[in-house]
Amino acid sequence: LVIEGTLPDCVFASMMLWNRYMQTFDYRYRQISLNKKQLQQDKEGNFTIILSHQDPGVANWLDTEGRKSGIMYWRFLLPNGELAPIKTTKKKFADLTS
């Protein structure tokens, strides 16, 4: 899953992966969250996050741990202005690594 968007001007922002019981995935051994400081963005502030079962070798990869379902939990503290829509696109893993 490819997730694209722009973070708002805010004190803190993050996205993490939860299971259906609202528990985080295994953060001890896998990258399952990104915060504003960790997230690599372009000069305009746009980001692309890749949700995948294995590392595609790109920045902003989050590990699904092979799970077929889950929740993306976004948090924005004290945002200024409107939140821009976040776009998702389903792609094959082979297309991410090429």
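These notes cover the fold, the overall dimensions and one surface patch of a predicted model.

1. Secondary structure. The protein chain contains 1 helix and 7 strands. Read from the N terminus, the order of elements is β-β-β-β-β-β-β-α. The radius of gyration is 13 Å, close to the 13 Å that the globule rule gives for 98 residues, so the protein chain is as compact as a globular protein of that length.

2. Dimensions. Along the principal axes, the C-alpha atoms of the protein chain occupy a box of roughly 35 × 35 × 20 Å.

3. Contacts. Taking contacts in the protein chain between residues at least 6 apart in sequence, 66% link residues at least 24 apart.

4. Burial and surface. Buried residues make up 31% of the 98 in the protein chain.

5. Nonpolar patch. Three residues, Val-11, Leu-77 and Leu-78, form a nonpolar patch on the surface. Together they have about 320 Å² of accessible area.

6. Leu-78. Where does Leu-78 lie? Leu-78 sits in the loop between strand S6 (71–77) and strand S7 (87–89).

Notes. Residues numbered from 1 in each chain as written. Predicted model: local features only at pLDDT ≥ 70, side-chain atom pairs only at ≥ 80, totals over all residues. Heavy atoms only, no water. Patch = residues over 30% accessible without salt bridge, like charges linked within 9 Å, V, L, I, M, F, W, Y side chains within 5 Å. Areas by Shrake-Rupley, 256 points an atom, 1.4 Å probe, with all protein chains shown as cover. Salt bridge = Lys/Arg side-chain N within 4 Å of Asp/Glu carboxyl O. Helix = DSSP H or I, 4+ residues; strand = E, 2+ residues; numbered from the N terminus. Rg over C-alpha atoms; globule rule 2.2 N^0.38 Å. Buried < 20%, exposed > 50% of the residue type's maximum accessible area, 1.4 Å probe, protein only. Contact = heavy atoms within 4.5 Å.
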